[in-house]
Amino acid sequence: MSGRGYFTDSSPMNVQFLKFKDEPFRWHNSIEVVIILEGSIHVAIADEQRTLGAGTIEIFNINQVHRLWQTDENNVVLQINIDAAFAKEYYPDLSYVWFAHEFSPGAYLGLERAEGIFEAICMLITPIVTKSEMPFLTLKNTVEQLLDLLIMNFDAKRMFEGNPTKLQRIGRIYDYLFNNRGFINKASLNDIAKHTEEYLNLDYLSSQFKLLIGDTLQNLLHYLRIEHAIKQLLTTDRSLVEISIESGFSSPRYFYQRFNKIFPEGPKAFREQHKKKQEMKDHCREIIDPALVFARHRRLFEIPETINSELNKWIHIDIFGHDEQNSTSPYLIKLSELVKGDSHAYLKKILQENNVSPNNIFRFEETLDNANRDDFQVLTWLLNQFRENDILPVFIVRTSSNSILEQITTIQGLLQNYTLTYGAEYMKGWRIELQ
């Protein structure tokens with residue numbers, strides 16, 4: 001499925017509800033916030049792997065190499081990407097910010113505080129995903145509020161705010177390593193201390209960094225070098241020897257040892273596997289309709305009435321998805337139930353069930369074809385009921401299906417039948433969405 005969000009690439013923020021499958025390693029020129037709403041996912045940040053459960057907030061720093069993939073249970077994830085250029089314009093010191101990784105609920109902030117931030121983020125983004133359009137200044141203000149929330153709570157250097165000497169010291173080392181890529185100079189801890197004019201006990205210096213980012217300065221050097229090597233492996237055709245030198249390792253042999261310790265398949269096989277995954281990246285995740293999430297997490301996403309009216313405007317209709325086992329829709333419209341008995345009562349029941357989340361994807365029990373006129377007539381009637389309730393249909397067609405031409409032909413027949421019965425003017429606003 002497409003990886004698009006609710007705003008274009010030029011927007012300061014993109015928001016998506018996703019189900020992760022098996023992503024390749026990736027990095028973006030953005031701050032990425034991931035909130036696990038349901039289930040769990042595995043996460044790898046360059047050389048470290050963890051499992052994130054429901055209730056976890058994870059933040060990936062700008063251009064930080066990471067990967068997300070499914071565990072043995074289903075997952076629902078809220079992903080927010082804040083454009084780096086916009087964030088730096090609002091917060092000029094962003095290049096000195098290191099967002100601490102949470103990994104488990106409350107690990108860094110404390111459980112109660114983490115839950116409060118979790119809920120605050122969900123409330124901030126609710127208007128964004130429920131509105132088809134939003135004034136840019138309103139969106140800009142929302143993004144700025146979110147940035148304030150993240151920086152105030154997750155910037156690791158804030159633990160040293162009461163000690164300006166320590167803050168400046170850590171800032172100089174951070175600037176050398178991250179902003180000036182000092183890690184590629186094969187620098188030792190002693191070299192870093194001299195370069196940044198921090199003539200201190202190296203053990204003490206390293207312990208201060210461990211307080212800051214949760215790891216020693218030596219391990220941070222290894223992390224930065226491995227991260228740089230991953231980027232080189234996946235974006236260039238350079239040899240492994242060239243990459244080892246460019247990434248600051250003391251020798252190619254040491255690079256292979258360090259890389260194989262993290263990725264047993266070795267750098268060559270790693271490059272081949274993840275480049276193949278990059279070519280299939282649109283199949284590594286599935287976009288979930290926000291209304292499905294809102295229906296299951298009403299406490300997190302309190303939707304005002306003014307927004308609710310916009311959700312009532314659309315119903316996505318998936319006519320051809322009856323063979324899929326893992327449907328994201330909690331409702332199923334059965335044509336057999338519509339044809340027999342009191343179809344008006346059946347439709348009323350469906351609409352009442354969907355009153356809190358009318359944007360759900362409706363799925364049909366059978367695939368329609370041009371020969372089955374009874375089904376066309378029932379669907380035509382059904383769509384007219386939607387029209388009378390000011391609901392517009394979006395017909396979903398999957399481009400990955402071998403029968404896409406038959407699907408398009410079926411929808412054409414449906415449109416023709418509706419036009420003959422009610423008139424073309426009532427189809428204004430209908431859409432066909434290719435997925």
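Mentor: Two strands pair if DSSP finds at least two bridges between them. Strands are DSSP runs (E, at least two residues), numbered from the N terminus. This is a predicted model, in which local features need pLDDT of at least 70, side-chain atom pairs count only at pLDDT 80 or more, and totals for chains, interfaces and linings use all residues. Residues are numbered from 1 along each chain as its sequence is written, and side-chain values use heavy atoms, without hydrogens and water.

Trainee: How many bridges join β3 and β4, and in which sense do they pair?

Mentor: Strand β3 (residues 40–45) is joined to β4 by six bridges in the antiparallel sense. Within this pairing, Val43 has Arg50 of β4 as its bridge partner.

Trainee: What is the order of the strands in the open sheet?

Mentor: The order is β4-β3-β6, three strands with antiparallel pairing. Strands β4 (48–53) and β6 are the edges, each pairing on one side only. On average, neighbouring strands of this sheet are turned by 25 degrees against each other, direction ignored; the axes are lines fitted to C-alpha atoms, and angles run from 0 to 180 degrees between N-to-C directions.

Trainee: Where does Asn63 lie, and how is its accessibility classed?

Mentor: Asn63 is in the loop between β5 (57–60) and β6 (67–70). With a relative accessible area of 27%, Asn63 is partly exposed, a class between buried (under 20%) and exposed (over 50%), using a 1.4 Å probe and protein chains only.

Technical notes:
Helices (H or I, at least four residues) and strands (E, at least two) are DSSP runs, numbered from the N terminus.
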